[in-house]
Amino acid sequence: MEAPMRIAVLGGDGFVGWPTSLHLSDLGHEVTIVDNLSRRWIDTELGVQSLTPMDSIQERCRIWYQETGKRINFHLLDLAKEYERLKQWLAETKPDAVIHFAEQRAAPYSMKSDRHKVYTVDNNVNATHNLLTALVETGIDAHLVHLGTMGVYGYSSVGAAIPEGYLDVEVETLSGDKARQEILYPTRPGSVYHMTKSLDQILFQFYAQNDGLRITDLHQGIVWGTHTDQTRRHVQLINRFDYDGDYGTVLNRFLIQAAIDYPLTVHGTGGQTRAFIHIQDSVRCVELALANAPAAGDRVKIFNQMTETHRVRDLAELVASKTGAEVAYLPNPRKEAAENELVVKNEQFLALGLEPTTLAEGLLDEVVEVARRYAHRIDRKRVPAVSAWTREIAKSVDTDP
Ligand code: NAD
Ligand code: USQ
């Protein structure tokens, strides 16, 4: 393994951050989680809870220590609102690497109302910018690994594969000659949340170019599954599992819906094609990105962190065929293409040794089992997706749970 590093996991109490923290601690790194626990408050706001019972972050860290003898520290801090404390904490801790998960990540939540749009932009853009400027100000040469999203690219495919961040284009110069230029792949976000991730990209470009910050941006697809090797070790290390209409992501939602005999909620025709990655591969990718940091002065390193693409209706049919669930084709609360193709390049992680976990490998059954075990915790009224993208759509979609 790599030499042990001091790693700060910002947003380490969340769905991807928690198993990543365990994975990195297991590898021998010194891990500190920084989180403002806003995600737990949002559960309270929405009147939902994780399908799986989550202990407090302090208790989770205590159990990890009890099981492994390894410590994970926790620091309560709001990246977006507590700039001076963030700077002080960085100066004291001097991490070798910072992994940034700490953003409001649900597209439907970001589109719920103007208040939710404002919150998502304030929180996400300030969190990212505060972190970047604090790294410059404290002079800490930490490798910043950010969890971005495939959704910044949009899905209006013309049949060409989406490259890993950069596009080589031919332009005509003023003298009429042809010249080649590398540009950031144009963004086409489909929600206010995805828009904040597009803005993050610009912030990264600026701070890499102006201050030589070493930054990796992982454009991740939809994460599915729940357990990793470490979360399986003790019932109190269990990962959070979102099933509600705002935070639940499509495949995990179909799997819990199947477990409670709820017709699978396909939006529209289900012709949307999306990129996916299993949670175990997601934590492995972060490990690989950490081990392959860019040098100061390099451009931002961008990976497409996904392993397969699927059409939503195909996923619904697959889950239905395995479980006997019904499929419901519902009016789509989102403004998105009804049907799209998606081809994505992901050679960089494969070249670094990622061995993709695919849908076929029995892990679907594991999620259904987890869902059945905790089915009594599910509030069926929270299953429908009720956040509409526009007022017009809200009128045409039945948003009454
Ligand atoms: P999550 O909501 O479960 O976790 C995010 C964590 O960040 C939460 O614990 C929250 O309390 C914390 N947080 C939010 N704002 C903060 C702030 N201002 N200061 C401190 N802490 C803050 O989300 P997740 O599913 O674990 O996703 C993590 C990251 O990965 C996100 O940035 C998301 O955009 C990205 N991502 C997630 C998925 C997915 O399918 N879950 C897919 C692609 C990308
Ligand atoms: N969908 C359904 N039925 C549902 C839920 C969703 O048909 O019950 C459809 C949506 O309309 C959409 C697709 O499934 O077309 C994906 O929706 P999602 O909620 O699973 O994913 P998304 O909103 O894109 O967001 C999730 C994470 C986000 C991450 C993103 C990766 O919440 O943090 O950035 O996946 S990506 O989609 O690649 O941009």
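Two residues are taken to be in contact if their C-beta atoms, placed from the backbone, lie within 7 Å. By this criterion, in the predicted model, Pro19, Thr20, His23 and Leu24 of helix α1 meet Ile279, Val283, Val286 and Glu287 of helix α9. The contact comprises five nonpolar, two polar and one charged residues. Helix α1 spans residues 17-26 and helix α9 residues 279-290, and their axes come within 9 Å of each other. The crossing of α1 with α9 is right-handed.

Ligand 1 is surrounded by 27 residues, of which Gly11, Gly14, Ala102, Leu147 and Gln220 are the closest. Two or more residues of this shell are contributed by each of α2 (38-46), α6 (114-138), β5 (143-149) and β9 (222-224). In terms of residue class, the shell around ligand 1 contains 11 nonpolar, 10 polar and six charged residues.

Around ligand 2 there are 23 residues, and those that come nearest are Thr149, Met150, Gly151, Val250 and His267. At least two residues of the ligand 2 shell are supplied by each of helix α8 (250-259) and strands β10 (264-267) and β11 (273-278). Strand β10 provides the largest share, with three residues. The shell around ligand 2 consists of nine nonpolar, nine polar and five charged residues.

Key. Residues numbered from 1 in each chain as written. Chains lettered and ligands numbered in written order. Predicted model: local features only at pLDDT ≥ 70, side-chain atom pairs only at ≥ 80, totals over all residues. Near = placed C-beta within 6 Å. Helix = DSSP H or I, 4+ residues; strand = E, 2+ residues; numbered from the N terminus. Nonpolar A, V, L, I, M, F, W, Y, C, P; charged D, E, K, R; others polar. Axes fitted to C-alpha atoms, helices over the stretch in contact; angles between N-to-C directions. Left-handed = near helix turned anticlockwise from the far one by under 90°.
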